Amino acid sequence: MTWSFQNFATLDALVDALSTRITAELAARLAQNEFASIALSGGTTPRPLYQRLAQTDLPWSRVQATVVDERWVDVRDPASNENLVRQSLINANASAAQFFSLKTGDETPQQGLSELNDRVGGLKAPIDVVVLGMGADGHTASWFPGAEGLAEALDPKSGQMVAAITAPKGGVAGAHLNRATLTLAAVERAGLITLMLVGEDKKAAWEQALQDGPVEDMPVRALLRSQQAHVEAFWTERKT
Ligand code: 6PG
C-alpha cells in the first residue's frame, strides 16, 4: 500500500503537472512497446485534463484509450463517459488515438460483460496509465458502496478486466445505476495510477479513506490497500 499526495494552488497547475506526468509515462512506454494503453474516468473533474492531453505531442495512433467505467447509456448521451472522452481528448493531436468502448448494444452491462472482457482483453496489458476520480463517498471507478457486483469488481483473484455494477438508488451514481467498470485486478496492475481530486470534500474523503474501516464503506480503500498499487493523488482546493 503506497501512495503520494500532491497539493496544487490552482486547477491549472494541477492539470499542468498531471498532464506532464501522464505524457511522460506514455512516451516512456511507447519507447519500449508498439502500443501504450490508458484508461480514463468520467465525471465532472477530468475534462480540463483531457483537453490539455489532447494538445500534447505523442504518437497518438499508437495509444489505446478506454474508459475506467461507463454509464449504461447511449454513447451519444451527454452522460456517457465515452462521449466525454471523445469530446475532450480524442481530437486535436490525439484524434488518432484508438478507443475501446466499454458499452455494448446489450440491454444491461451484465449481458454485455463477456463481449466487454473480450474487447478490453485486446488492450495492451497491463494498462499503462489509469486516471481515476473519486466521489465524496469514497467510490472510484464504478465501485460504489452497497452496489450489486461490488464484490466481483473488487475480487483481487478475478481474472476479469471488466465487471458489471448496479449502484444503489439515491447514491452518488445519480440516475445512472447500471455501469460497466474496470475491476480492481485491472486497475491495481497499471503502471501509473493517478487520482485527480478537486475540492475540499474530496480531500476530506481521501483522508477518511486512508483511515481504518471497511472497504465496502469506501471502495477506493481496496486500491489504497492493494500491495500491487502505488496511487499518485493530485489535489487542489480551487475549482478554477
Ligand atoms: C463516473 C466516474 C466516477 C467519477 C467520480 C468522481 O462515471 O462518474 O468514472 O468514478 O470519477 O464519481 O466524479 P466527479 O469528478 O464528477 O466528482
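A polar side-chain atom of Asp69 lies 2.5 Å from an oxygen atom of the ligand in this predicted model, a polar contact being a pair of N or O atoms within 3.5 Å; within protein, one must be able to donate a hydrogen and the other to accept it, and residues adjacent in sequence count only if both atoms are side-chain atoms. For Lys202, an N or O atom of the side chain is 2.6 Å from a ligand oxygen, and for Thr44 the corresponding distance is 2.7 Å. The protein covers 88% of the 410 Å² of accessible area that the ligand has on its own (Shrake-Rupley method, 1.4 Å probe; for residues, only the protein chains shown count as cover).

The model is predicted, so local features need pLDDT of at least 70 and side-chain atom pairs count only at pLDDT 80 or more, while totals for chains, interfaces and linings use all residues. Residues are numbered from 1 along each chain as its sequence is written, and side-chain values use heavy atoms, with hydrogens and water left out.

Around the ligand there are 14 residues, of which Thr44, Thr45, Asp69, Ala141 and Lys202 come nearest (near: a heavy atom within 4 Å). This shell is made up of 2 nonpolar, 8 polar and 4 charged residues (nonpolar: Ala, Val, Leu, Ile, Met, Phe, Trp, Tyr, Cys and Pro; charged: Asp, Glu, Lys and Arg; polar: the others, Gly among them).

The ligand takes up the space of the largest pocket, whose volume is about 350 Å³. Of the 20 residues that line this pocket, Gly42, Gly43, Thr44, Arg71 and His139 are the closest to its centre. By class, the pocket lining has 6 nonpolar, 10 polar and 4 charged residues. Pockets are open sets of points on a 1 Å grid over the protein atoms alone, with protein on both sides within 12 Å along at least five of seven lines; in a cavity a 1.4 Å probe fits but cannot get out, and lining residues have an atom within 4 Å of a point.

The structure also holds 1 cavity of 30 Å³ or more. Its lining includes Ser41, Thr45, Val131 and Met196, and divides into 4 nonpolar, 4 polar and no charged residues.

Two backbone features complete the picture. Ala125 and Pro126 are joined by a cis peptide bond, with omega about -5°, and Pro126 is in the loop between α4 (109-120) and β6 (129-132). Ala92 has a positive phi near 50°. Most residues other than glycine have a negative phi, and most peptide bonds are trans.

Key. A molecule sits in a cavity or pocket if more than half of its atoms lie within 2 Å of its grid points. Grid points are joined across faces, edges and corners, and a volume is the space filled by probe spheres set on the points. Helices (H or I, at least four residues) and strands (E, at least two) are DSSP runs, numbered from the N terminus.
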